[in-house]
Amino acid sequence: MSRDLPADEFRAAMHRVADLVADYLEGVGDRPVLPAVRPGEVRRVLPAAAPEQPEPLDTILDDYLRVIEPNLTHWNHPGFLAYFAITGSGPGILGETLAAALNVNAMLWRTSPAGTELEERVCAWLAKMMDLPADFRGHINDTASSSSLVALAAARHRLPLDIRVKGLSGVPPLTLYASDQAHSSIDKSAIVLGLGQENVRRIETDGAFRMSVPALAEAIARDRAEGRLPMAVVATVGTTSTTSIDPVPEIADLCARLGLWMHVDAAYAGSAAICPEHRALMPGIERADSLVVNPHKWLFTPVDCSLLYVRDPALLKAAFSLVPEYLRTSEDSEVTNLMDYGFQLGRRFRSLKLWMVIRAFGVEGLRERIREHCALARELAGWIEADPRFELAAPVPFSTVCFRARAEEAPDRFNERLLARLNAAGPVFLSHTALKGRYTLRVAIGNLRTGRKHIQQLWDLIGRAYEELRNGEGA
Ligand code: PLP
């Protein structure tokens, strides 16, 4: 091989990769979701040192087929119903492939004019699709963890303490509020921003897992009285465990009254806001100071793609912009340089895949797919509710269903064994959570390949696994 791959070899390999990908996606549903691999087995078949001499691409791709593909958990599988299912798609894969080929780094407008302007445009499209105000400005990060960190850094910068320059020394403890259902990424933001985990107030939730606003107000008042400095409240729209929706209008009122930043974590459910009937479940999100939505969770875009919207982009820029001489360009005053809006300098060209997804499906096509997932979840929830052996563990506002088997003795242990049995069967993979201390199974529907027959199959499996456990088979 001289320098890079010769064009003809590259073309042939790319054609083979196209075939591999198409075959994989076509056949993924015939495999077990979880591979039959033990920890260390993959490592053991991989050589301990890198090859000194070039290897033919076909050999490498053969090894990919032999060692890598079969030993993965198949997130593209229609029975992958764990966590929040990924929602990759053909158009998204094509966009990701082109982005890899172009390999532009959109840190400055100069380094990627189309990359910068497409990102701005696509973020504005999605804001409109979600019926967010026109003054929300978005940019793309890798994950919601990064988006929330960036948003909360802006919240910290809004405090008149010049922390950016002076640091936290001598500053009273800053406090952050989120429900007991909020994602752990919020605590991680507090760790990174120097607030400290013990200054994150996890506010209690009601029977439907929504933040209690009186408890929030009380916690803020207590912190103020004790000399701490409340900084921001995180309202979650679509919590990780149950997809519950915090009472955003009341939280927004409180934040407005007390001068606190309101960050809305809509990483999962935000995508559903493109359907007016689901947007109606999220009143008040338009009042956020910042809002995160992950197209890689439920808008058919391959991981990673997380949009952060802020109401005051100048403030975000003031929090982060730091321009050394080597990054100055003559058009700085006329253009957006995306590096100014976060802690990363280099950034992937993520807007390309989102642009391709939105265009190839159309907004109406995206709505249809989200509605289908929600309808499947409602149907499954209906079956669970109608069956005396099971109970729904939480309301089902979107496409995630939390449930458990009713068991008189050691119910947590029974449900744990039920989950293990379901996941060992092959066609499905579910995850679990704890709700008010009780072990709960979760079914998250979000994959384009998941259809009614898969949910029907899941329900049959659940019934069968339950009976086997009850009868002590293979216990
Ligand atoms: N916020 C919510 C509500 C989530 O459910 C998750 C992950 O599931 C996250 C944030 C973190 O997402 P990411 O993996 O993009 O950081």
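Start at the second largest cavity, with a volume of about 40 Å³. Select Phe84, Ala85, Tyr268, Lys297, Trp298, Ser399, Thr400, Ala444, Ile445 and Gly446, which line this cavity. The lining splits into six nonpolar, three polar and one charged. Here Ala, Val, Leu, Ile, Met, Phe, Trp, Tyr, Cys and Pro count as nonpolar, Asp, Glu, Lys and Arg as charged, and the others, Gly among them, as polar.

A word on the terms. The model is predicted: local features need pLDDT of at least 70 and side-chain atom pairs count only at pLDDT 80 or more, while totals for chains, interfaces and linings use all residues. Residues are numbered from 1 along each chain as its sequence is written, and side-chain values use heavy atoms, with hydrogens and water left out. A cavity is a set of points on a 1 Å grid over the protein atoms alone where a 1.4 Å probe fits but cannot get out, and lining residues have an atom within 4 Å of a point. Grid points are joined across faces, edges and corners, and a volume is the space filled by probe spheres set on the points.

How many cavities of 30 Å³ or more does the structure hold? There are two. Go to the largest cavity, with about 50 Å³ of space. Select His139, Asn141, Val150, Leu338, Met339, Tyr341, Gly342, Phe343, Gln344 and Arg347 to show its lining. Five of these lining residues are nonpolar, four polar and one charged.

**Backbone stops**

Now select the loop between helix 12 (295–298) and strand 7 (306–310), where aspartate 304 is found. Helices (H or I, at least four residues) and strands (E, at least two) are DSSP runs, numbered from the N terminus. The peptide bond from valine 303 to aspartate 304 is cis, with omega near 15 degrees. Phenylalanine 300 is found in the loop between helix 12 and strand 7 too. Phenylalanine 300 is not a glycine, yet has a positive phi of about 60 degrees. Most residues other than glycine have a negative phi, and most peptide bonds are trans.

**Helix pairs**

Select helix 14 (residues 351–386) and helix 16 (residues 452–470). Their axes come within 10 Å and cross at roughly 25 degrees. That makes helix 14 roughly parallel to helix 16 (angles under 35 degrees). Axes are lines fitted to C-alpha atoms, for helices over the stretch in contact, and angles run from 0 to 180 degrees between N-to-C directions. Show Leu376, Glu379, Leu380, Trp383 and Ile384 in helix 14, which meet Arg452, Ile455, Gln456, Leu458 and Trp459 in helix 16. Contact means heavy atoms within 4.5 Å. The contact has seven nonpolar, one polar and two charged residues.

Next, pick helix 9 (residues 213–225) and helix 10 (residues 248–258), which pack at an angle of about 20 degrees with axes 10 Å apart. Helix 9 and helix 10 are therefore roughly parallel. Val213, Leu216, Ala217, Ile220 and Arg224 in helix 9 meet Glu250, Ile251, Leu254 and Leu258 in helix 10. By class, that contact has seven nonpolar, no polar and two charged residues.

Finish with helix 1 (residues 7–27) and helix 3 (residues 57–68), at about 15 degrees with axes 11 Å apart.

Conventions
Parallel < 35°, antiparallel > 145°, perpendicular 65-115°, else oblique. 1 Å grid on protein atoms, 1.4 Å probe; cavity = no way out; pocket = protein on both sides within 12 Å on 5 of 7 lines; lining within 4 Å.
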